[in-house]
Amino acid sequence: MALAQPEPGGVLAGQIDPRTDPRNGPLRGTLATTACMETLQVGYLHAVVAAAGCSLSQPFPDNGIDWHVSHGAPEHVVDDEVTIKVQLKATYQIPPRPAGPTFGFTLDNEHLVKLARSPVAVHKILVVMLVPRERDQWLGAGHDRLDLRHCCYWTNLAGHPVTGRRRTTVRIPTTRIFDDRALCEIMTRVGSGGTP
């Protein structure tokens with residue numbers, strides 16, 4: 001008895017639906033793009049936190065702040081472990097490598113008020129991820145690397161004024177790329193009693 005050999009991807013020859021033909025790319029799930037963007041930025045955050053030697057926790061229930069990141073080091077002055085709160089946002093409406101020293105990102109005023117509160121016991125930062133519009137461009141993997149596209153940028157909005165009726169555009173510095181080194185520097189400043 002002869003058995004039919006499956007094609008790569010498990011599809012039998014002659015039974016390929018043109019909509020799911022592997023030559024056109026993999027069959028992706030139907031989850032909303034915005035939901036997938038949230039998951040991608042969480043993956044980016046996890047990678048940065050791991051490389052920085054920090055710990056990560058998610059408040060439950062979420063009270064308008066996505067994550068708490070903690071960094072332990074005996075060199076910290078204020079405590080042996082310091083924590084910041086991180087709010088994640090993502091957009092595909094801003095192209096990679098934004099021109100100029102900043103790019104604009106719009107927040108609901110209610111959310112801005114929470115991020116801009118000052119003084120605070122635990123500092124907050126906003127992390128904005130710029131992603132390609134098409135999901136098949138978000139990720140690249142090889143034997144020696146994993147690339148997430150495009151980039152996350154961070155800012156501290158403490159004291160930022162509300163200027164719009166319902167929403168306010170804030171400026172995100174393009175020099176503040178959010179990676180493991182940036183996170184370690186943020187935590188070092190917080191650990192010495194400063195701001196992010």
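His71 has its place in strand β2 (residues 67–72), where helices (H or I, at least four residues) and strands (E, at least two) are DSSP runs, numbered from the N terminus. This is a predicted model, in which local features need pLDDT of at least 70 and side-chain atom pairs count only at pLDDT 80 or more, while totals for chains, interfaces and linings use all residues. Residues are numbered from 1 along each chain as its sequence is written, and side-chain values use heavy atoms, with hydrogens and water left out.

With a relative accessibility of 11%, His71 counts as buried, a term for under 20% relative accessible area, with exposed meaning over 50% and partly exposed in between (1.4 Å probe, protein chains only). Not counting residues up to four places away in sequence, His71 touches Ala52, Cys54, His76, Asp80, Glu81, Val82 and Met187, a contact being heavy atoms within 4.5 Å.

Gln41, which is found in helix α1 (residues 33–52), is buried as well, at 5% relative accessibility. Once neighbours within four places in sequence are left aside, Gln41 is in contact with Leu88, Lys89, Ala90 and Met129.

The structure holds 0 disulfides, a disulfide being a pair of cysteine sulfur atoms within 2.5 Å. Cys151 is buried at 13% relative accessibility, and Cys152 is buried with a relative accessible area of 2%.
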